[in-house]
Amino acid sequence: MSLRVAVAGCTGYAGGEVLRLLLGHPDVEIGTLTAGSSAGSTLGEHQRHLTPLADRRIEATTVEALRGHDVVFLALPHGTSGAVAAELDPGTVVVDCGADFRLEDPLAWEKFYGTPHAGSWPYGLPELPGQREVLATTRRIAVPGCYPTGATLALLPALTAGLIDGHDVVVVSASGTSGAGRSAKPHLLGSEVMGSTSAYGVGGVHRHTPEILQNMARLGAIHPSLSFTPLLAPMPRGILSTVTAPIQGVSADEAYDAYAAAYADEPFVHLLAKNVWPATAAIVGSNVVHVNVTVDENAGRLVAVTAIDNLTKGTAGGAIQSMNLACGLPETTGLPLIGVAP
């Protein structure tokens, strides 16, 4: 099988990561590359690490440019994917790396994004119970947010095994600066970021909050409650998420065994040995999630920690993982299990 694939938004971090992974995919032919203001330039002017595609001319993002492909990846600003996707052939696999189709609740979308709700598509997190079967039969995929990916996989075994009920969950996640996109922003200048970690989106206002809550409900939490605080860390890639929740009558060993059972057959989720804690340096460039768990007996709380690469498993890798399922390919095709260190 050879899939002809287009990438819209090819000059951004997410689009560049999609292309990096597609270049190693044995069943893909990379077709049209599009962008907004960069149309007419070559990809090498924006993504110098993608040497095999350096001379490719970038086209404007139009429906005409994207038609005729088996798969279209949309790595576009929030609120812009819906109009493009609506004009593409229903038989084309369209994978949206933005937020447009992640949320099922229109009121939550309008509250956190401030624009009309475009609808919802099947959610591209194959590790959710039953989601592989859903993705295998769809032609539209909503890629999860990077923070929800790490937080959800930290919570999944605890919720599905009934170790916690989903109330009073606290998530603190430290992310690399690439999670904010490639646009020039003063708070992302090197002199602002180097040597400093800062909080933002504090007080339940970050846009990924309703998505994490939605996933908790999918995993069985009734009326879940969440306090989510993101941190900006002085690194380009990676997210380290620490998740805690009230727990009773469960030992650290029992919690660990539940996580081992839940993730025993997951190709991209790796439970570390007891008392070995995830670190972002170990997963850079890979589609792997590192996870570990314990119980803080003094506080009566479960503590789970995950590390992901926000651009790979948190965006482009998860997108291709879902594409593989939708196209009938082995799920792991073209996706790296090995990180880059140091």
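This is a predicted model: local features need pLDDT of at least 70, side-chain atom pairs count only at pLDDT 80 or more; totals for chains, interfaces and linings use all residues.
Good morning. Seven strands of this model form an open sheet, in the order β8-β9-β7-β10-β13-β12-β11, and their pairing is mixed. The strands β8, residues 198–199, and β11, residues 269–271, stand at the edges with a single partner strand each, so one side of each has no neighbour in the sheet.

How many bridges join β12 to β13? There are seven, and the two strands run antiparallel. As an example of the pairing, V295 stands opposite L302 in β13. Against this sheet packs the helix α6, which touches β7, β9, β10 (residues 239–246), β11, β12 and β13. The direction of α6 makes about 140° with that of β13. A further helix, α9, comprises residues 252–262 and lies across β11, β12 and β13. The helix α9 runs at about 155° to β12.

Is T306 buried or exposed? T306 is buried, because its relative accessible area is 1%, and buried means under 20%. With neighbours within four places in sequence left aside, T306 is in contact with G150, L153, A154, I239, L240, S241, P278, V289, H290 and V291. One of these contacts, P278, deserves a remark. The residues T306 and P278 are 28 residues apart in sequence, and their C-alpha atoms are 6.0 Å apart in space.

The second residue is V291, which is found in strand β12, residues 289–296. V291 is buried as well, at a relative accessible area of 0%. Again leaving aside neighbours within four places in sequence, its contacts are Y259, Y263, V269, H270, L271, L272, P278, V305 and T306. For a pair that lies apart, consider V291 and P77: they are 214 residues apart along the chain, and their C-alpha atoms are separated by 30 Å.

Let me move to the other sheet I wish to describe. Six strands form an open sheet in the order β3-β2-β1-β4-β5-β6, with parallel pairing. Its edges are β3, residues 59–60, and β6, residues 140–142; each has a single partner strand, so one side of each is left without a neighbour in the sheet. Strand β2, residues 28–35, is joined to β3 by two bridges, and these strands run parallel. Which residue of β3 is the bridge partner of A35? The partner is A60.

Helix α1, residues 13–22, touches β1 (residues 3–8), β2 and β4 (residues 71–74), and its direction makes about 160° with that of β1. Helix α10, residues 312–326, touches β1, β2, β4, β5 (residues 93–96) and β6. The direction of α10 makes about 155° with that of β4.

Which residues line it? The lining consists of G124, L125, V143, P144, T149, K313, G314, T315 and G318. Helix α10 supplies the largest share of that lining, with four residues. By class, the lining has three nonpolar, five polar and one charged residues.

I close with some details of the backbone. Where is D168? It lies in the loop between α6, residues 146–160, and β7, residues 169–175. The phi of D168 is near 60°, a positive value in a residue other than glycine. D168 counts as partly exposed, at 42% relative accessibility. H223 also has a positive phi, of about 50°, although it is not a glycine. This residue is placed in the loop between α8, residues 209–218, and β9, residues 226–232. H223 is exposed, because its relative accessible area is 70% and exposed means over 50%. Finally, the peptide bond from A341 to P342 is cis, with omega near 0°. P342 is found in the segment after α10.

Terms used
Residues are numbered from 1 along each chain as its sequence is written. Side-chain values use heavy atoms; hydrogens and water are left out. Two strands pair if DSSP finds at least two bridges between them. Contact means heavy atoms within 4.5 Å. Axes are lines fitted to C-alpha atoms, for helices over the stretch in contact, and angles run from 0 to 180 degrees between N-to-C directions. On a 1 Å grid over the protein atoms alone, a cavity is a set of points where a 1.4 Å probe fits but cannot get out, and a pocket is an open set with protein on both sides within 12 Å along at least five of seven lines; lining residues have an atom within 4 Å of a point. Ala, Val, Leu, Ile, Met, Phe, Trp, Tyr, Cys and Pro count as nonpolar, Asp, Glu, Lys and Arg as charged, and the others, Gly among them, as polar. Buried means under 20% relative accessible area, exposed over 50%, partly exposed in between (1.4 Å probe, protein chains only).
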